[in-house]
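This briefing covers the nonpolar cores and the sheet of one model. The sequence and structure come first, then the notes.

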Amino acid sequence: MSSTLETLRRDFGGDIIEPGGADYESASRSVLVTGSPAYVLRPENVEDVRAGVGFAARTGLPLSVRGGGHGFAGFGTNDDGVVIDLGRLAAVEIIDKERHLVRIGGGATWGQVAAALAPHGLAISSGDTKSVGVGGLTLTGGIGWKVRKYGLALDNVVAAELVTAGGEVVRASAEENPELFWAIRGGGGNFGVVTAFEFAAHPTTDVFHGTIAFPAAEAATVLQGWADHLRAAPEELTSIVDFANPFAGGPEAPVEVHVTFDGDDPELAARALDPIRRLGTVIRDDVALRPYADTLVDGATAPPGIRLFTRSAFVDKESVSAVLRILAEVGASERSPFIAVRSVGGAVSRVPDDATAYAHRRAELMFVTTVAGPEPVVEAARPALEAIWRRLAPHVSGAYANFLASATEQDVAAVYPAATYGRLAAVKRRYDPGNLFARNHNVQP
């Protein structure tokens, strides 16, 4: 180990942070999970990433790769292993103005991207939180405020640069290493460290964005009406419904319909949004025209000792009514989890099922349940949560990797259906046969 560490110190130009170091306490944890890695490496460039990957491979220590560090499963840290923190590889550069191509460092956050593109009138379909990393979100999906019009974040990737387990720097695109390009669009961090992405951005205007809230008692009616409207609404409209928020009254918390209409025409926006306003008794409506970058919110960091247990699934059109009825009943009960339902469809569903490793193209909705609290509280809530999911099981399918707090075999099977998994495994055998990149929803080589 000593000679291997000496080699790292010689070849690595960034910071090497060890237990007891000045920055260790903050560097050792991801946003949602505390860890105690032996080494946190902060590379300055691609050669540093190669050195870090080589060090982990030679020592056999567990390896975590951190972009924004928001993963619910805590993949961005570990105990007694190596963390490669990409935060300094965060440049955002327009490389082709005519085609709106943007090169983004693997450690950038979506807030940095939105801020850099705003002066040029450009945007990329991404998530909804400023501090979320481009890499983690994109490699497994990317459902945000432009998803129904412009698809998932990964649908807008045109190329990527990776450091493989063997230390090679490879480029993946439709023309170069196309099977790897297929795999990284949905297959997570299984195949290497993505040091840079190239995205196709699009011109953007200001957007109508805000929340239309209703009383908790109207949840069932609002949810069903909302889903019916989204099915026929223009693709410029993307929406999320939150309810049973434990920090706003639990079963008495308002039903919050968050909306973005991707355009600045007030008449078109009203046509898309007024049917939502007519679904019930509006108790709050703050929808207003604002810059797209302002739709992204600041991410919250859980206080020490607080765990978030998150689980997700997809809903096809024929099951929407049954699932929303169950969720409305659950949300009205004491100790309900926090529930969020997201509209998808639109541009997402126009991509062929096998075009990328994201395999849930036909879904109309994606929903999430979250239980938060100290570990004993979360564990005590698990039996009731499992009962809820048993009720839902006949009506739902799959799972969205970005909203999963666990990584069991069942979770991996939900994220990757059998045909997708088999194709991913073949790519894994080529680029990471030793499974160095195992801290993810892992595809075995």
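L392 contacts V323, I326, L327 and F367, leaving aside residues up to four places away in sequence; contact means heavy atoms within 4.5 Å. The model is predicted, so local features need pLDDT of at least 70 and side-chain atom pairs pLDDT 80 or more, while totals for chains, interfaces and linings use all residues. Residues are numbered from 1 along each chain as its sequence is written, and side-chain values use heavy atoms, without hydrogens and water.

**Nonpolar cores**

- The largest nonpolar core has 63 residues, and those touching the most other members are W226, F243, I276, L327, V341, F367 and L392.
- A nonpolar core is a set of buried Ala, Val, Leu, Ile, Met, Phe, Trp, Tyr and Cys residues joined through side-chain atoms within 4.5 Å; buried means under 20% relative accessible area (1.4 Å probe, protein chains only).
- Helix α10 (residues 320–331) supplies the largest share of this core, seven residues.
- Another core, of 50 residues, lies apart from it and includes V132, A293, A357 and A399.

**Sheet**

- Four strands make an open, mixed sheet in the order β1-β2-β4-β3; strands are DSSP runs of E, at least two residues, and helices are runs of H or I, at least four.
- Two strands pair if DSSP finds at least two bridges between them.
- β1 (15–17) and β3 (63–66) are the edge strands, each pairing on one side only.
- β3 pairs with β4 (residues 82–85) in the parallel sense over four bridges, and S64 has V83 in β4 as its bridge partner.
- Helix α3 (residues 46–59) packs on the sheet and touches β2 (39–42), β3 and β4.

How values were computed:
Axes are lines fitted to C-alpha atoms, for helices over the stretch in contact, and angles run from 0 to 180 degrees between N-to-C directions.
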